[in-house]
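Subject: Structure for your review

Dear colleague,

I am passing on the structure we discussed, and below it I have set out what I found when going through it. Please read the notes with the model open beside them.

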Amino acid sequence: MPTLTFIEHNGTTHQVKGDIGQSVMQAATFASVPGIPADCGGACSCATCHTYVDEAWLSKVQAPEGMENDMLEYAFERRDNSRLSCQLIISQEMDGMVLHLPSSQF
Amino acid sequence: MTLASVVIVGAGQAGFQVAASLRQEGYDGRITLIGDEPGLPYQRPPLSKAYLLGKIQATNLLFRPADFYTTQRIELLHDQASAIDRLNRRVILASGAAVSYDHLVLATGAHNRPLPVPGAELPQVFGIKTKADADALAPLAKAARNVVVIGAGFIGLEFAAVAAALGANVHVLELGERPMARAVSREMSELFRQAHEAWGVHFDFRQGLSRIDGDNGKVCAVQTGDGRALPADLVVFGIGVIPNAQLATEAGLDIENGIKVDASLLTSDPQISALGDVASFPCLQNDEQHTRLESVQNAIDQARAVAARLMGKPAPYSALPWFWTDQGDLKLQIAGLSNGYDSTVVLGSVEDKQVSVLCFRHDRLVAVESCNRMGDHMAARKILARAPKLTAVEAAADGFDLKAWEAANRD
């Protein structure tokens with residue numbers, strides 16, 4: 001099971017085990033990581049599971065595609081490393097990945 | 001105000017979210033969440049689409065895993081509330097037990113309006129409401145050759161798209177004259193009609209059914225209102241829902257198309273709140289008329305409002321309604337309520353199936369329907385949450401861009 005590290009905006013760190021094939025959003029919400037409301041449940045419809053992929057791990061994920069990219073335009077404080085975590089599917093090579101949470105999702 | 005005990009009846013999206021939000025807000029008292037379905041609380045939207053196609057596994061339907069309820073001290077009871085004893089502030093359960101409350105939250109949801117024709121009791125006739133429905137339906141959907149869908153609303157069309165993708169012949173009967181007529185504009189209905197037809201779905205509008213025929217206990221045909229027999233081995237209906245208000249009615253609470261609540265989502269008993277699909281609330285976006293909305297957004301935002309009020313932060317509920325449906329490769333997102341719209345402006349390209357329909361009432365933007373234009377949807381949510389000054393004339397101008405307008409008109 002790959003382990004992911006979420007770092008809240010206030011610096012609080014959460015280590016979370018995720019299943020391969022599960023979304024990063026789901027691994028986070030299942031572990032009650034605060035700050036990821038994920039209102040639509042993973043349908044790429046709400047942009048409230050916004051995360052920043054740590055620069056060191058960017059090569060392990062694709063750039064956001066069409067609809068995710070459109071949604072991200074309206075995410076709070078989008079950056080180049082922004083992703084909607086419901087669209088990031090956990091793979092073995094993401095073991096150890098670090099994700100940072102924005103100060104707000106709304 | 002310290003409440004020692006909050007009891008929530010209904011463990012769907014709204015009930016679950018009240019429990020979760022109360023803990024997030026720092027509530028330290030007892031939380032009892034009563035659900036009448038087996039297993040852990042789960043999300044329903046994928047049941048009529050991704051879950052049926054096997055794109056989402058059962059564990060990924062869950063809001064949270066089992067240990068969440070333990071660590072958050074949310075007592076999940078698999079039982080049915082059979083009565084509310086308001087005098088003694090107790091909920092009586094079907095099992096005979098009783099749970100005391102300081103505040104009661106009714107999140108009892110809605111059930112499918114039954115199909116009122118002979119043959120509806122046959123085992124291959126389905127409404128889709130629960131995971132159990134979807135689990136029973138999935139293998140039949142994969143094997144079906146001839147599927148008849150009754151009702152061209154969100155659920156019916158989501159299933160029609162699934163059945164067509166699985167290779168069945170799909171026939172949709174709809175009493176109205178166009179798809180999703182109660183929810184979307186004429187223009188958006190037309191786009192979806194064309195898309196479904198391209199996937200092989202056949203529509204019969206202004207058409208009902210008189211009965212479902214069985215052969216040895218298996219569905220074999222649907223008799224249309226005008227007397228034709230459509231071959232069928234599977235029938236799925238989505239003809240609206242009925243709010244589960246019986247518990248509240250019997251307890252003497254005010255009822256008006258669901259449980260009537262005020263702007264802070266309190267029922268006629270100040271110790272009882274109601275929210276989600278079952279609650280009829282004064283809706284800011286519907287001229288403050290009492291309105292019942294069946295959506296994830298409504299359930300979640302109302303749950304947050306109820307939790308905040310119980311934690312001493314009351315505010316009138318005013319969140320902008322938004323909705324989505326996924327059908328085939330089309331994602332339809334709706335911001336606002338288009339009730340009574342009198343003019344529209346269409347942006348984008350119907351050919352590319354990337355369209356936004358702006359709905360105006362008295363030249364005020366009231367809703368934006370976006371198909372595969374998520375940026376427009378997100379912009380529309382921001383615009384509609386403020387008092388929009390956008391006029392139809394402005395939106396109809398050449399080269400108008402909703403996202404650019406939103407960016408230029410942030411106060």
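This is a predicted model: local features need pLDDT of at least 70, side-chain atom pairs count only at pLDDT 80 or more; totals for chains, interfaces and linings use all residues.

On the overall layout, chain B is divided into domain 1 (5-45 + 62-111 + 242-310), domain 2 (114-239) and domain 3 (329-408), and the C-alpha centres of domain 1 and domain 3 of chain B lie 33 Å apart. The largest nonpolar core has 158 residues, and those with the most contacts inside it are Leu106(B) and Val235(B); the largest share of this core, nine residues, comes from helix H4 (residues 154-165) of chain B. Leaving aside residues up to four places away in sequence, Leu106(B) touches a set of residues that includes Val9(B), Leu247(B), Ile259(B), Ile272(B) and Val278(B).

Between the chains, 16 residues of chain A are in contact with 18 residues of chain B. On the side of chain A that touches chain B, helix H1 (24-30) and helix H2 (66-72) of chain A each supply at least two residues, and the residues of that side divide into seven nonpolar, six polar and three charged.

Helix H8 (residues 374-385) of chain B is mostly covered, since 10 of its 12 residues are buried, among them Met374(B), His377(B), Arg381(B) and Leu384(B). Its end C-alpha atoms are 17 Å apart, which agrees with the 16 Å that 12 residues should span at 1.5 Å a residue.

Finally, two backbone angles deserve a look. Most residues other than glycine have a negative phi. Asn372(B), although not a glycine, has a positive phi of about 50 degrees; Asn372(B) is placed in the loop between strand E26 (364-371) and H8 of chain B, and it counts as buried because it has 22 C-beta neighbours inside 10 Å. Ala47(A) likewise has a positive phi, near 60 degrees, and is found in the loop between H1 and strand E3 (50-53) of chain A; with 27 C-beta neighbours inside 10 Å, Ala47(A) also counts as buried.

With best regards

Notes. Residues are numbered from 1 along each chain as its sequence is written. Chains are lettered from A and ligands numbered from 1 in the order in which they are written. Domain bounds come from an automatic or database domain assignment. A nonpolar core is a set of buried Ala, Val, Leu, Ile, Met, Phe, Trp, Tyr and Cys residues joined through C-beta atoms within 7 Å. A residue is buried if 20 or more other C-beta atoms lie within 10 Å of its own, exposed if 12 or fewer, and partly exposed in between; C-beta atoms are placed from the backbone. Helices (H or I, at least four residues) and strands (E, at least two) are DSSP runs, numbered from the N terminus. Two residues are in contact if their C-beta atoms, placed from the backbone, lie within 7 Å. Ala, Val, Leu, Ile, Met, Phe, Trp, Tyr, Cys and Pro count as nonpolar, Asp, Glu, Lys and Arg as charged, and the others, Gly among them, as polar. The expected span of a helix is 1.5 Å times one less than its number of residues.
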